[in-house]
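Hi,

Here is the structure I promised to pass on. Have a look at it first, and then read on for what turned up.

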Amino acid sequence: MHLIYSVLPLQKAHFPQLAVNEDTAMQRSILFALVVQLSCVASVFGWEDPVAARKPLKYWVDRLNDSDAEVREQAASFVENELTEFSPWDWAWEGGSYSDPDGRKKRAAFRQEANPLIPELLKALKNKDESVVSAAAEVLMAMGPEAQTALPDLERIILSKSSTASTRMTMFYVLLSATPEDKPVGPILLKLLNSLPWETYENVLNESYRSLPTDDEDQQSENAQKQRGTMVALSIPAYLMPMISSGHTKIEVPYLVKIASGEYPATVRAMAIGILGGLEFDAKSAVPALRKLLKDEDRFVRSWAVNALSDIEPDPQLVPELIEALGLKGEKRDEAEQGMREWFKQQEQERESLRELFEDEDDLMVHFQTLNQMIKHGSGFQRRQAIQHLGQIGPAAKSMIPELRKALLDPDEDTRRMAAEAIKQIETTAPTSNNN
């Protein structure tokens with residue numbers, strides 16, 4: 001729609017007869033309204049703007065550095081709209097467009113087109129206009145490791161104290177996407193955390209907790225705990241999803257453990273613990289450290305360690321240890337223990353139900369195609385996720401054994417182990433009974 005606004009001023013300048021009288025002005029207004037409505041309809045139904053479609057990416061990236069603020073705004077808007085399908089948020093779970101051959105071709109073509117534009121994109125990152133910085137960052141993120149020539153500049157921006165905290169964190173997301181899967185970004189994250197005013201940030205949060213409207217100190221503390229928990233839970237996906245889509249999972253675990261166990265504010269430590277929980281099987285090496293955190297002095301940290309352990313190692317035998325870490329007494333302790341046992345039981349039932357989920361053979365084949373593409377083209381986490389899923393489906397996934405046998409040669413030890421376990425589950429698990 002920004003293109004409509006850019007064309008209208010030219011109409012009056014080059015065709016003055018359009019503004020002869022009020023009737024013509026009224027007609028023009030009606031016409032404009034119709035064009036706007038058609039533009040909205042086009043956006044809903046996915047019709048492409050013929051003018052925008054003719055413009056290569058270079059055209060818009062060049063205009064991110066234009067001296068005219070309106071031109072920059074139009075370019076930023078177009079770039080962000082175009083990159084929606086390449087967002088790491090959309091590629092994190094179940095392989096995203098990795099399961100779509102056309103999506104992979106589009107992504108490859110986009111990266112090839114964007115690669116020569118890295119110098120202009122780095123220039124745009126220094127712009128004071130936040131929308132321009134955001135648009136340039138999204139292009140670099142969508143490029144993935146193809147943008148690794150930008151890594152030195154990204155590190156300088158991240159570690160520069162003259163950059164705003166918001167810009168530095170945005171650049172960290174870009175760094176995460178652009179860094180090859182076998183190279184950790186944890187060292188840069190630690191430097192970033194150590195240079196940010198986290199103590200001031202924590203003090204502001206504590207002030208807001210103390211202002212909660214209640215006269216009961218115990219209730220005030222409980223409300224503050226819930227508020228902090230909500231804040232952390234909402235923040236975790238912003239880090240977790242780019243990590244999964246970029247493949248930076250197992251390799252980052254040691255650095256997340258350092259943050260979780262380090263001298264950082266409780267909210268920062270809890271976020272690191274929550275990310276470890278979100279990495280599930282890829283954070284297995286963090287289990288010993290998390291079990292130590294069950295005895296941490298901070299109750300908030302302990303509660304997040306309980307959550308993470310139950311996600312990484314869903315073992316009902318851990319329940320007494322996890323409940324003890326929560327420090328609950330009386331009825332609250334009994335309720336928490338019962339709830340945790342029911343949750344573990346529910347997780348097991350959900351895994352079992354996968355064997356009955358796809359009753360239609362055609363649906364099952366489509367599902368296998370998606371999982372197959374995840375194994376072939378996904379990140380390490382996504383490959384292991386697909387392999388584990390096939391094992392949980394059981395005998396119905398017998399046609400996928402050849403692909404799983406290929407995964408036995410994967411360079412990653414955990415991937416090979418999970419592939420072997422999945423084959424065993426598929427070959428030896430009896431079909432689920434439907435007696436109930």
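In which helix is Ile275 found? Ile275 sits in helix α16. Before more on that, a word on the ground rules. This is a predicted model, so I kept local features to pLDDT of at least 70 and side-chain atom pairs to pLDDT 80 or more, while totals for chains, interfaces and linings use all residues. Residues are numbered from 1 along each chain as its sequence is written, and side-chain values use heavy atoms, with hydrogens and water left out.

The overall picture: the protein chain has 24 helices and 0 strands. Both are DSSP runs numbered from the N terminus, with helices being H or I of at least four residues and strands being E of at least two. Of its 436 residues, 44% count as buried (buried is under 20% relative accessible area, exposed is over 50%, partly exposed is in between, with a 1.4 Å probe and protein chains only). Among contacts between residues at least 6 apart in sequence, 66% join residues at least 24 apart; contact here means heavy atoms within 4.5 Å.

Back to Ile275. Ile275 counts as buried because its relative accessibility is 5%. Setting aside neighbours within four places in sequence, Ile275 is in contact with Ile236, Tyr239, Leu240, Met243 and Leu256. Ser235 is 40 residues from Ile275 in sequence, yet their C-alpha atoms are 9.7 Å apart.

Now the helix pair. Two packed helices are described by the angle between their axes and the distance between the axes. For α15 (residues 253-261) and α16 (residues 266-278), the axes come within 7 Å and cross at roughly 145 degrees. The axes are lines fitted to C-alpha atoms, for helices over the stretch in contact, and angles run from 0 to 180 degrees between N-to-C directions. The crossing of α15 and α16 is left-handed (the near helix is turned anticlockwise from the far one by less than a right angle; clockwise would be right-handed). On the α15 side, Val253, Leu256, Val257, Ile259, Ala260 and Ser261 meet Val268, Arg269, Ala272, Ile273, Ile275 and Leu276 of α16. By class, that contact has 10 nonpolar, 1 polar and 1 charged residues (Ala, Val, Leu, Ile, Met, Phe, Trp, Tyr, Cys and Pro are nonpolar, Asp, Glu, Lys and Arg charged, and the others, Gly among them, polar).

There is also a cavity. Searching the whole structure gives 1 cavity of 30 Å³ or more, where a cavity is a set of points on a 1 Å grid over the protein atoms alone at which a 1.4 Å probe fits but cannot get out, and lining residues have an atom within 4 Å of a point. The largest cavity has a volume of about 90 Å³, the space filled by probe spheres set on the points, which are joined across faces, edges and corners. Its lining includes Leu256 and Ile275, along with Phe172, Tyr239 and Glu252. Helices α11 (165-178), α12 (186-195), α14 (217-246) and α15 each supply at least two lining residues.

Val133 is in contact with Ala124, Leu125, Asn127 and Met171, leaving aside neighbours within four places in sequence.

Cheers

Conventions. On a 1 Å grid over the protein atoms alone, a cavity is a set of points where a 1.4 Å probe fits but cannot get out, and a pocket is an open set with protein on both sides within 12 Å along at least five of seven lines; lining residues have an atom within 4 Å of a point.
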